[in-house]
2 protein chains.
Amino acid sequence: MSIRNMVLIGSGNVGYHLGRRLFEKGVPIQQVYSRKLDRAKELANLIEAEAINQWEAIQSTADLYILAVPDSTIASVAKHLQSIVDSKALVVHCSGATPSTVLQPYFSRFGIFYPLQTFSKERPVHFEAIPICVDAPSKSDSQLLYELGTRISQSVHFITDTERASLHVAAVFVNNFTNYLFHIGHQICEQERVPFELLQPLILETAAKIQEKKPLNMQTGPAIRGDASTIERHLLFLGKHPEYHRIYQLMSQAIQHLPKA
Amino acid sequence: MSIRNMVLIGSGNVGYHLGRRLFEKGVPIQQVYSRKLDRAKELANLIEAEAINQWEAIQSTADLYILAVPDSTIASVAKHLQSIVDSKALVVHCSGATPSTVLQPYFSRFGIFYPLQTFSKERPVHFEAIPICVDAPSKSDSQLLYELGTRISQSVHFITDTERASLHVAAVFVNNFTNYLFHIGHQICEQERVPFELLQPLILETAAKIQEKKPLNMQTGPAIRGDASTIERHLLFLGKHPEYHRIYQLMSQAIQHLPKA
């Protein structure tokens, strides 16, 4: 059995890049559904699919339905789909945060197809390196999703709901919180009229190092050196920003608790 | 006037890469000083310089002395040098954290030559993109350092002590604290037996986005979405790690205070 007939629900950042990559790799998508027809069309035109914005227009006999929709709407979309699609259809969602079991009340065959990356429409992505996490209660569905994954990426992984939940927490630290630290750096530069560009190569190298080395072995800075006078000077500087001050203090304390290399 | 005759004090990560880059670009270094002679030799051999580990062996008539030593030793190294070098010598240090004025008691001509990057000996660096921050109380010295910067980088900037102090605080956030967040992600993966490799492309993309976009506009995740149930689930997951729990809570609160895009 293989997947020949697919419907993509959602044309946001994930749906957009996933749909384009599947099409590029010769995996055809018949329909793209979005509440907003122009959004559906934008993607559908690129991947030779039909754009729809009516539930009733969704075909009932596709092999696979991919839900690339916000976490908060997965359950309600699933509920809508249930009455439309064939009871034997395989339905997956693309979220890192939501368990697969949210689909269980609605479908006999369900699973996960989760590309672990941050997507923005305007940025091209190197899909072959993006980890695709797949899971399904049925072994054959799981295998089917794995094979679909290998069509678009060289990094496909069977990841259970529990493992994916942990990965998602880790991703919040390394992506969302990291971006917030970049924002703090940006704000400090703006306020002090220093170009943020000066920090960009440093940011890139900090991330590049981690592609090869354990973060623990890459830790540098005043906190790990136990350089109390620099920490004190920085905290004084941050006095006008209680939030930055608290983050600086907490992170520095945590770093000082690291095991010495 | 130009710099023809240089002595490099220190052969740690900064000294090593800076020395090699200067040599590559045809800027000769006569001597490399390190307390440990084998360390001095390792670099000196690569850049056709003399390796020394005795203060008395330092030549007195170089045009420029570059102090690539830890912040905590800059002042004591300067004190040693003072009695050795010609009173007209220009002496600079390479630190982001220490004001240039630490050199003032010892030399009539002093300044900063600060490559803003994180260096590890074993990683090659793309020096042409590394911002070099230069400063000196004398305009002609400042210009001299600027010109030296342009020999090794396309990104050279006049940055005052005050500006550099702000940059250094910002660098702690975007580099040291970011690396610590990577460490948390690594720990979570290790504990849950999920390969950290799954997060590496995400980490790289998070940094790559910031090369073009404002971090504020790139903020994603449960906190910025106001997704209280995901935040609660994550905090529960982090219950066994009080430190990670506190960081998660504080960062999420801070992100929720961001102005809406």
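Colleague: Why are α10(A) and α5(B) called oblique to each other?

Modeller: The model is predicted, with local features needing pLDDT of at least 70, side-chain atom pairs pLDDT 80 or more, and totals for chains, interfaces and linings using all residues. The axes of α10 (residues 242-256) of chain A and α5 (residues 161-192) of chain B cross at roughly 50 degrees and come within 10 Å. Angles under 35 degrees count as roughly parallel, over 145 as roughly antiparallel, 65 to 115 as roughly perpendicular and the rest as oblique; α10(A) and α5(B) are therefore oblique. Residues are numbered from 1 along each chain, chains are lettered from A, and side-chain values use heavy atoms, without hydrogens and water.

Colleague: Which residues of α10(A) and α5(B) meet?

Modeller: With contact meaning heavy atoms within 4.5 Å, A:Tyr244, A:Ile247, A:Tyr248, A:Met251, A:Ser252, A:Ala254 and A:Ile255 meet B:Val172, B:Phe173, B:Asn176, B:Phe177, B:Tyr180 and B:Leu181. They divide into eleven nonpolar, two polar and no charged, where Ala, Val, Leu, Ile, Met, Phe, Trp, Tyr, Cys and Pro count as nonpolar, Asp, Glu, Lys and Arg as charged, and the others as polar.

Colleague: What lines the largest cavity?

Modeller: A cavity is a set of points on a 1 Å grid where a 1.4 Å probe fits but cannot get out, and lining residues have an atom within 4 Å of a point. For the largest cavity these are A:Thr118, A:Asn175, A:Asn179, B:Thr206, B:Lys209 and B:Met218. By class, that lining has one nonpolar, four polar and one charged residues.

Methods. 1 Å grid on protein atoms, 1.4 Å probe; cavity = no way out; pocket = protein on both sides within 12 Å on 5 of 7 lines; lining within 4 Å. Axes fitted to C-alpha atoms, helices over the stretch in contact; angles between N-to-C directions. Helix = DSSP H or I, 4+ residues; strand = E, 2+ residues; numbered from the N terminus.
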